[in-house]
Amino acid sequence: MDQSWAKRAEKVFLRNYYPARVSLVKGEGCRVFDDAGKSYLDLVSGIAVNNLGHCHPAVVAAIREQCGRLMHVSNLYQNPVHLQLAELLTEHFPGGRIFFCNSGAEANEAAIKLARRYGHMKSGPRRHVIVAALGSFHGRTMGALSATGQTQYHKGFEPLLPGFRHVPFGDLAALEAAVGEETCAVLLEPIQGEGGVIVPPEGYLKGGLEICRRAGAILILDEVQTGMGRTGTIFAHQAEGVVPDVMTLSKSLGGGLPLGAMLARGEAADSFEPGNHASTFGGNPVACAAGRAVIETIINEGLLEKVRSLGAFFTAGLEDIARRRGTISAVRGRGLLLAAVLTVEAAPIVEAALERGYLINAVQKQVLRLAPPFIITEEEITSFLRELEEILG
Ligand code: PLP
C-alpha cells in the first residue's frame, strides 16, 4: 500500500484526528476503495452519513443538476430547492419550521440559542438552564460541547458555557428533579450514539416531554445521528409516539454534503425573530438538492422497511455470535444503528476488520458500532458476521 500520503499528512494537518490508516479514493454503494485498489465494505457509513451508500445515483444526479444551475445565494433571497426541502421535511414534523445550517454542532448551537430566547421571552434571563444527559454527544463547538455529557471531551477547554446540567440518561426521576423554573429546555438524543448506542427505557422520551410541559420548558431532540431513517422511522422519536418542540438533524441529511437543520414547532418556533440567527451557507442549493434526493429516495424506495428488516437480521446474527463466543456480552440499538458490547478492547477488533476489508468503528472502549448503508444486503451482513466471529475467536 502506498503510505507516502501518511508522511505528507503528518506535516500539514493539525493533530486533532488520530492518524488515518488508509486513504480512500472512491465509493460505490456499500463499498469504498483505497489508493491501492483494495475494497472495503463500509459498515459505518461515514459515521451515519452515507445512509444511501456512496455516490447514490439519485443524489449524484441531483447535485450535478443543481451545480450547473445555481450553487449559492445568500439567505437575503429565497431559492426553490431550499423551500422544497423544508416542505418535504416538515411533512414528517407537523407544524415545524426550519433553519438550515451545515453540521450537527451548528444545528445544536441554533437549538441552544433558540432555547435561551424561548426562556428569556417566557420568564426572563433567569430561565436559561438546559438539562442534558450524561453520556450524550452534541458536537465540538463551545455550546454543543458544554451540552455534551462526557467529561473526556471537556478536558482542557474549560470554562465551558454556563447553564448546562447533566443527569443520568434514561432516568426520569433524575430528570424531573433537575428540571425547574430556571430550565428553558431539556436536550436529549433519542438513542445515544457516541455514548455507545444506548436505547433508553420505553416511555423515557414521553416522560421527558411531560416533565418539560409541567415546568414550562421545551424538549429538544438531537436526531443528528438517529434521524433520516437510521433507526427504521424517518425520525427516531416517531417510534415513541412523541413529537418534540425542537429537533436537530445533520449527518445523512445532505447525502454526503454538509447540511444541518434545526426544526421547531409551536411556541418554541416563535422564539426567533429576524436577525436572531443566521448562516452564510445554511440552505445552500446544492446541499439542499442532495437532501431532497435523500428523503425522496428513502420514501420512494421503501428503505425504512429495509432498515427494520435488515436491522433485525443483523441483530440476530450478532446475538448468535454472542451465544457462541463470550467476547460479545450484549447487542443493542434499533434499525441499522447497532452496537456489539465486547468483553475485550474494541480498537484491535476494528484494526483486524480493516485488514480484512471491513470498516467498523468503536464508540466506547469496548463497544463496536455498526451502522451500514440502508442498501446493504443480507449476504454482505453474513460475510461480515463470519469474519467478525473469526476475529473475535
Ligand atoms: N449530535 C450527535 C447526536 C452526533 O452524533 C454528532 C456527531 O457525531 C453531532 C451532534 C455533531 O455533529 P457534527 O460532527 O456534524 O458537528
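E181 is exposed, with a relative accessible area of 57% (exposed means over 50%, buried under 20% and partly exposed in between, using a 1.4 Å probe and protein chains only). Its salt-bridge partner is R126, with the closest N and O atoms 3.3 Å apart; a salt bridge here is a side-chain nitrogen of Lys or Arg within 4 Å of a carboxyl oxygen of Asp or Glu. R126 is partly exposed at 44%. R126 sits in the loop between α5 (104-123) and β5 (129-133) and E181 in the loop between α7 (172-178) and β7 (183-188), so the pair ties together parts 55 residues apart in sequence. Helices (H or I, at least four residues) and strands (E, at least two) are DSSP runs numbered from the N terminus. The model is a predicted one, in which local features need pLDDT of at least 70 and side-chain atom pairs count only at pLDDT 80 or more, while totals for chains, interfaces and linings use all residues. Residues are numbered from 1 along each chain as its sequence is written, and side-chain values use heavy atoms, leaving out hydrogens and water.

Next comes E182, which meets R165 in a salt bridge (3.6 Å, N to O). R165 belongs to strand β6 (residues 164-167) and E182 to the loop between α7 and β7, so this pair links parts that are 17 residues apart in sequence. Both are partly exposed, R165 at 37% and E182 at 36%. Elsewhere, salt bridges that share partners join R21, E351 and E355 into one network. The structure holds 18 salt bridges.

D222, in strand β8 (residues 218-222), is another story: D222 is buried yet has no salt bridge, and the nearest side chain of opposite charge, K251, is 9.0 Å away (Lys and Arg count as positive, Asp and Glu as negative; His and the chain ends are not counted). What the D222 side chain does have is a polar contact with the side chain of H138, at 2.8 Å. Such a contact is a pair of N or O atoms within 3.5 Å; within protein, one must be able to donate a hydrogen and the other to accept it, and residues adjacent in sequence count only if both atoms are side-chain atoms. The backbone nitrogen of V224 also lies 2.9 Å from a polar side-chain atom of D222.

Then there is the open sheet, four strands in the order β11-β12-β15-β14 with antiparallel pairing (two strands pair if DSSP finds at least two bridges between them). Its edge strands are β11 (328-334) and β14 (361-364), each pairing on one side only.
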